[in-house]
Each structure stands twice: as C-alpha cells, then as structure tokens.
Amino acid sequence: MGSMGEVVRGFYGVVDVAAGPGAVELARWLAGELVKGGASILQVRVKKGGSGALLEIARAVRAVVAGIPLVVNDRPDIALAVGAEGVHLGQDDLPLPAARNIAPGLLIGVSTHTLAQARAAAEGGADYLGFGPIYPTGTKDNPDPVVGVGQLARVVAAVAPVPVVAIGGITPARAREVADTGAAAACVISAVNRAADVVAAARQVAAAFA
C-alpha cells in the first residue's frame, strides 16, 4: 500500500449518512462519487444509528470501494467485520492502545484539536491525525474551538512524518490554503457531499494537493 504519506494524501472523503430508510443506497452512491472525485481514503460515519446500521452501511460501501483504504469511524470491531483497512478514533472513543490490541493490522487515525493532543496521538503510534476545526464548521453540534491554518502548520511540523488531515469548515476554494501548510490531506464533508456536483467539488480539493 506504500507509505502512510502516500495513502493519506489530497482529498479525504467521508460517507456521512444518517441511519434510516434509503441510507444504504445513499451511502453507496456517495462513496462512488467521492471515489470518482479522487478521494485517496474514505471514511464511513453513520449518525443516529446503532452498530447494526453502521455494519450494514459500511459493508455496502466496502462493496463499491476498491484500491483506496476504507476507514470506519469509532469502531475497530466493525472495521474488521467488513474488511476495512482502518478505524478513526475521536478523543472520546476507544483509546488508541485498546484499538491497537483489538485490531493490530488496521490503520488508526485519531481526531485531535490541540497541539498537545496531536503530539500525544503521534507518540502513541497513530498512523495519521485529523486536526481541526480549521475554520468554523456546521457539521458538529458542539464544535471544538477553531484552530486556524497557522496552528495547523505548527502541528504538521510538530508531528512529522505522521500525516495530518485538516478538517472543519474546509471548502474546495480554501483547500489550497490548507495544502500550503504542509498538511497531507483535507477532509471536506458538507462542501463536497452537498455540492450540486459532488465529483467536481471533490476534484477541486484533490487538485489543491497535486
């Protein structure tokens, strides 16, 4: 699969759906569009659904995603069950060492919001870090304080060579500014997933890192 720097590069796509009728079809369609748009890695995130919904949706996405790593949010057990390559942990999820014990072969990404959290995750053996929110974001109900591109650049330098994925309020138009910090990738959710042309929006993010 190459080095982590090659795996996590450019556009980090998220299949972010709410559980319920039509969720599997929507997830399958969205995954296909994000891959066509040049996602280098794809995360599955299911809001308001239990384990069964996440399992079903992740399995459906796995069926359409080949050639790039598939990452399941929060749940190393479900990542293993669907044959995903990785798991992504938030600060309130399973601790990194526990996830590593459950699934020693998985890529593990960790969401971080401060320099101290980023250093701790990198020293703890995370394969890549999410860092943000870079800009104000509407994706979360209780977002962490906005960090900005200056702090992003400091984190990238502090944890190198661990790749950093910038997240939070990023739009295709802002992707170049994010890429200029040395971040490996940008995770763009709303501005790509809800765009009139998902593929074109995704390609604009990927192109900023090319």
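## Exercises on a predicted barrel

G130 has its place in strand 6 (residues 128-131). Strands here are DSSP runs of E with at least two residues, helices are runs of H or I with at least four, and both are numbered from the N terminus. The model is predicted: local features need pLDDT of at least 70, side-chain atom pairs count only at pLDDT 80 or more, and totals for chains, interfaces and linings use all residues. Residues are numbered from 1 along each chain as its sequence is written, and side-chain values use heavy atoms, with hydrogens and water left out.

**Exercise 1. Describe the surroundings of G130.**

Step 1. Find the burial. G130 has a relative accessible area of 6%, so it is buried. Buried means under 20% relative accessible area, exposed means over 50%, and partly exposed lies in between (1.4 Å probe, protein chains only).

Step 2. List the contacts. Leave aside neighbours within four places in sequence; G130 then contacts H88, V110, S111, T112 and V165. Contact means heavy atoms within 4.5 Å.

Step 3. Take one partner. V165 is 35 residues from G130 along the chain, yet their C-alpha atoms are separated by 4.6 Å.

Step 4. Sort the side chains of the strand. Y128 and G130 point one way from strand 6, L129 and F131 point the other way, and all are buried. In a regular strand, side chains alternate between the two faces of the sheet.

**Exercise 2. Which strands pair with strand 6, and in what sense?**

Step 1. Start with strand 5 (residues 107-112). Four bridges join strand 5 to strand 6, and the two run parallel. Two strands pair if DSSP finds at least two bridges between them.

Step 2. Check residue partners. G109 stands opposite Y128 in strand 6. T112 has F131 as its bridge partner in strand 6.

Step 3. Turn to strand 7 (residues 164-167). Three bridges join strand 6 to strand 7, again in parallel. The bridge partner of F131 in strand 7 is A166.

Step 4. Follow the chain. Strand 5, helix 6 (residues 115-123) and strand 6 form a right-handed β-α-β unit. Right-handed means that, with the strands pointing away from the viewer, the path from the first strand over the helix to the second runs clockwise.

**Exercise 3. Is strand 5 buried or exposed?**

Step 1. Count. Six of the six residues of strand 5 are buried, so the strand is largely enclosed by the rest of the structure.

Step 2. Strand 4 pairs with strand 5 in the parallel sense over four bridges. L89 has V110 as its bridge partner in strand 5. The chain passes from strand 4 through helix 5 (residues 96-102) to strand 5 in a right-handed β-α-β crossover.

**Exercise 4. How many strands make the closed barrel, and in what order do they run?**

Step 1. Read the order. Eight strands run 1-2-3-4-5-6-7-8, with parallel pairing.

Step 2. Neighbouring strands are turned by 25° against each other on average, direction ignored.

Step 3. Angles run from 0 to 180 degrees between N-to-C directions, and axes are lines fitted to C-alpha atoms, for helices over the stretch in contact.

**Exercise 5. Compare A58 and N73.**

Step 1. Locate them. A58 lies in helix 3. N73 is in strand 3 (residues 70-73).

Step 2. Check burial. A58 is buried, with a relative accessible area of 0%. N73 is also buried, at 14%.

Step 3. List contacts, not counting residues up to four places away in sequence. A58 touches V44, L70, V72 and V82. N73 touches Q43, V44, R45, L54 and H88.
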